[in-house]
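Subject: Structure handover

Dear colleague,

Please find the structure below, together with its sequence. My notes on what turned up in it follow directly after.

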Amino acid sequence: MTNGPFRTGHGFDAHRFGGNPPLRLAGVVVDSDRGLAATSDGDVVAHAVIDALLGAAGKGDIGTHFPSSDPRWRDADSMEMLRSVVRSVKSGGLDASNLDVTVVAETVRISPHRAEMRSQLATVLGLDRERVSIKATTTDGMGFTGREEGVAVWASVLLVERASSGGSA
């Protein structure tokens, strides 16, 4: 059995409401009178994408690289954390091919910010904007997102080994 040049990663993150505004998703300030409780700036989109990238690259998870117990990450810019992970993944000979994100929230509206969120993520990952998808859904009143207690995000990424990497990552 041989390893192929593709690696898929799946990331998930959720934060409860309770932090001070603004609410940031994919580095974009989203209309909301509430922020998310977190050690960093609480950008759940960036966090889910980080976990997807790290998983695909076989490099652990966000808690391994950015532990909430470490004061360095208090109020950290999650998009800077994402940039750091992208550099690490690229240094291992892997490039993102596409990214798919689903935001689960009852009242937070993504559509007015979708284009900017796609552009932000595309820039950080070095992708054409058309290779980044951001969707939103609700849970129709079910669960913690349905009760408007927080926001959850799922992210999937496809990484491709660079031909010059010799298959090592």
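A crossing of two helices is called left-handed if the near helix is turned anticlockwise from the far one by less than a right angle, and right-handed if it is turned clockwise. With that convention in hand, α1 passes α3 in a left-handed crossing. Please keep in mind throughout that this is a predicted model.

The helix pair

Two packed helices are described by the angle between their axes and the distance between the axes. For α1 and helix α3, which covers residues 78-91, the axes come within 9 Å and cross at roughly 15°. Since angles under 35 degrees count as roughly parallel, α1 is therefore roughly parallel to α3. On the α1 side the contact is made by Ala46, His47, Val49, Ile50, Leu53, Leu54 and Ala57, while α3 contributes Ser78, Met79, Met81, Leu82, Val85, Val86 and Val89. Sorted by class, this contact of α1 with α3 holds twelve nonpolar residues and two polar ones, with no charged residues.

The aromatic pairs

A search of the whole structure finds two aromatic pairs. In one of them, the ring centres of Phe12 and Trp154 are 4.4 Å apart and the ring planes stand at 45°, so this pair is tilted. The pair links distant parts of the chain, given that Phe12 sits in strand β1 (residues 6-19) and Trp154 in strand β7 (residues 150-161), 142 residues apart. Phe12 has a relative accessibility of 35% and counts as partly exposed, and Trp154, at 39%, likewise counts as partly exposed.

The other pair consists of Phe66 and Trp73, whose ring centres are 4.8 Å apart with the planes at 85°, so that this pair is edge-to-face. Because buried means under 20% relative accessible area, Phe66 counts as buried at 11%, and Trp73 counts as buried at 18%.

Finally, Ala37 may be worth a look on your screen, as it is found in the loop between β4 (35-36) and α1 (44-57). Ala37 is partly exposed, with a relative accessible area of 21%. Apart from its neighbours within four places in sequence, Ala37 is in contact with His15, Arg16, Phe17, Gly18 and Gly19. As for Ala14, its C-alpha atom is separated by 9.9 Å from that of Ala37, the two residues being 23 residues apart along the chain.

Best regards

Key: Residues are numbered from 1 along each chain as its sequence is written. This is a predicted model: local features need pLDDT of at least 70, side-chain atom pairs count only at pLDDT 80 or more; totals for chains, interfaces and linings use all residues. Side-chain values use heavy atoms; hydrogens and water are left out. Helices (H or I, at least four residues) and strands (E, at least two) are DSSP runs, numbered from the N terminus. Buried means under 20% relative accessible area, exposed over 50%, partly exposed in between (1.4 Å probe, protein chains only). Contact means heavy atoms within 4.5 Å. Axes are lines fitted to C-alpha atoms, for helices over the stretch in contact, and angles run from 0 to 180 degrees between N-to-C directions. Angles under 35 degrees count as roughly parallel, over 145 as roughly antiparallel, 65 to 115 as roughly perpendicular and the rest as oblique. Ala, Val, Leu, Ile, Met, Phe, Trp, Tyr, Cys and Pro count as nonpolar, Asp, Glu, Lys and Arg as charged, and the others, Gly among them, as polar. Rings of Phe, Tyr and Trp (its six-membered ring) pair if their centres lie within 6.5 Å; planes under 30 degrees apart count as stacked, over 60 as edge-to-face and the rest as tilted.
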